[in-house]
Amino acid sequence: MSTRIENTSRRDFLKAGAGLTLAVVLPGARGAVLPGADGPSAVGGAAASAAEFAPNAFVRIAPDNTVTVVAKHLEMGQGTYTGLATLVAEELDADWSQVVTKGSPADAARYNNLFWGNAQGTGGSTAIANSFEQLRQAGATARAMLVQAAAERWRVPADEISVKAGVVSHARSGRKARFGELAEAASLLQVPQQVKLKDPKDFTLIGRHVPRKDSVAKTTGRAQFTQDVKLPGMLVAVVAHPPRFGATVKSVDDGGARSVPGVADVVRIPTGVAVLARDYWTAKKGRDALKVEWDESAAYRGSSDAILADYRKRAATPGAVARKDGDAAAALGKAAKVIDAEYAFPYLAHAAMEPLNCVMRLDANGCEVWNGEQFQTVDQMTVAGILGLKPEQVKLNMLFAGGSFGRRANPHSDYLVETAHIVKAIGGRAPVKLVWSREDDMRAGYYRPIYLHRLQAALDAQGKPLAWSERIVGQSILAGTAFESMMVKDGVDATSVEGAATLPYAIPNLQVELHTTNGDVKVPVQWWRSVGSTHTAYATEVFLDELATAAGKDPVGYRLGLLAGHPRHAGVLKLAADKADWGKPLAAAKTGKRGRGVAVHESFHTYVAQVVDVTVMPDGQFKVDRVVCAVDCGIAVNPDVIRAQMEGGIGFGLAAALSGAITLKDGQVEQSNFHDYQVLRIDQMPRIEVHIVPSAEKPTGVGEPGVPPLAPALANALFAATGKRIRTLPIGDQLKA
């Protein structure tokens, strides 16, 4: 299917469609980025002004009653800025309208991700999960100090004072004050070491509908992304990358590029040749005029088909053991009935709406960076190393990101490294904005690896699984990164087997093995939204459906019979099945056949089950009619954000299931943009219903767990409609005659 793409900018679209007045972005002073912006700021979270009350690293209360929540995690569309602000405002008893959110500076000592040790960053669906108590403590501390300030001013007992919607009151005396009136007095008090958090039954914001903090800025065009940054004298850079992975620059004739009016410089860097100009289009024209001879003596020239053929050979031999319960091999050898299947998964691109970009300025004092910053500590250290600076001399300004799906949390800091080399190559004489076009990232970026799964299972006479063997083959995401020593043990990359090695079903003999192929394939790989569960959920949930079919059992009942020890899996499965009217016949289609499928999976400690309804036409085309989703993510901090994340995850996962594939031919990526690597179109989005399991457990993440169950539930629905198993993704035209 081909769909025409209109190259209309976000701002032009808004101007034409909504008639809005847009912010002009022309910051002039160092550090004063994007005045008038809503959302992230270069100064957000840094030292508070003298007039502010700043009891800790996360809360600022100004004399005008503004409560600023300093967010240590990137806002990339997932609702972090709203969720983090909710936690503070809840314990502070602030008026939601007086709360604003600002991005924090890079400072691992104050803003580390508590799940990652001494490192700051956003990823793994951890933003709310690791901040839940920390930011509630921050809000409660500020509240206690405001109350104490009021008690001393009014000469009344602190325990007689109440706070509601940003107003501190003493009922007996009738005294009242807004936060701003007490800010200066509170700032003079000693910060209490311990404060009492609310009983969840007293929550007024957590679990309730509160408007998102970033919606207005984003819908009016005021939100500031890296692409909006313009600094005096700034040059825009684009890079000519090698056509094949592993190739390097042999020689460059840059005469044509330098003759393009507006081109300021051409420099060689380790990853290619950078052209700098007054604007993107001029830089691109300069790049097009380059004559580069590439040294491809060490370049990778393989293909996706060859990689999979090699993986099949590896899957025939034992790999490193990731999990071993009982003796699966012995049980399979003695079984009367063995089910065998292979599942294959392609490379995938992140394909976020905002292309990769970064602004960097170098001077005698250090380096300043503007970026949709997802990996502060790693990026800060890496950039400092290239520029010969101390990490603290690299100032990172965290701006909004227009999606990421993991791409901006690159363990190698790839596009920041490239920017640093360019700035260094020109001696820091001008700030540089590096822009990767979508084609650049699609053809020279980082990808979710190709994976192959080989599964075998043995069933007893009643159809119950006695043994399960799974061999996974793929590249390691973690090898060669700072995470390898922590997350690769005995040859097993934890991200390659998550979701398979943690299979919840009660099977007495279960073995999961892994073949890692690093060194043989030079394609750069990286985590992709929901990481290992992007392929393990599909292989395990479709295979389990195959076992249910072989056993002649209902897919939901079959799963529930194996989940007695995993009540949260069972809970979402029952809820999704109930809401989807599982067991009741689907209404007949006017044309074609209908089918319903199910899958359940846990990722990042969140449990999700989805039921998918499909209609398949006689020619094999199909439509996803409805997705019913049940999610258990602990306490639902913001139900609207959770629903949005499930809906977004379903759309994201559906696009990949339908057509997502990066393919290699003779070492070159065949796709280049949204016309041949399609994201979901509006008319492909199904009706979605999201149901949240009430819970008193601590909240877990929702940014990623909505993705994994979609593809297997869809494949199981297509089987129910057609009797055909889809064992290779994407689905593409496999159902067509």
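A residue is called buried when its relative accessible area is under 20%, exposed when that area is over 50%, and partly exposed in between, with a 1.4 Å probe and protein chains only. By this criterion Tyr538 is buried, at 0% relative accessibility.

The model is predicted, so local features are given only at pLDDT of at least 70 and side-chain atom pairs only at pLDDT 80 or more, whereas totals for chains, interfaces and linings use all residues. Residues are numbered from 1 along each chain as its sequence is written, and side-chain values use heavy atoms, with hydrogens and water left out.

**Nonpolar cores.** A nonpolar core is a set of buried Ala, Val, Leu, Ile, Met, Phe, Trp, Tyr and Cys residues joined through side-chain atoms within 4.5 Å. The largest has 118 residues, and Tyr347 and Leu714 are those with the most contacts inside it. Apart from this core lies another of 56 residues, including Phe132, Val168, Leu182 and Phe203.

**Aromatic pairs.** Rings of Phe, Tyr and Trp (its six-membered ring) pair if their centres lie within 6.5 Å; planes under 30 degrees apart count as stacked, over 60 as edge-to-face and the rest as tilted.

| Pair | Centre to centre | Angle of planes | Class |
|---|---|---|---|
| Phe245 and Tyr447 | 6.1 Å | 80° | edge-to-face |
| Tyr343 and Tyr538 | 6.2 Å | 80° | edge-to-face |

With helices (H or I, at least four residues) and strands (E, at least two) taken as DSSP runs numbered from the N terminus, Phe245 falls in the loop between strand E8 (235-240) and strand E9 (248-253) and Tyr447 in the loop between helix H13 (438-444) and strand E19 (451-459), so their pair ties together parts that are 202 residues apart in sequence. Phe245 is buried at 11% relative accessibility, and Tyr447 is buried at 1%.

Tyr343 belongs to strand E14 (residues 337-345) and Tyr538 to helix H16 (residues 533-551), so this pair joins parts that are 195 residues apart in sequence. Tyr343 is buried, its relative accessible area being 0%. Elsewhere, ring pairs link Trp116, Phe375, Phe483 and Trp527 into a cluster.

**Charged groups.** A charge sits over a ring if NZ of Lys or CZ of Arg is within 6 Å of the ring centre and within 35 degrees of the ring normal. The charged end of Lys218 is placed in this way over the ring of Phe400, 4.7 Å from its centre.
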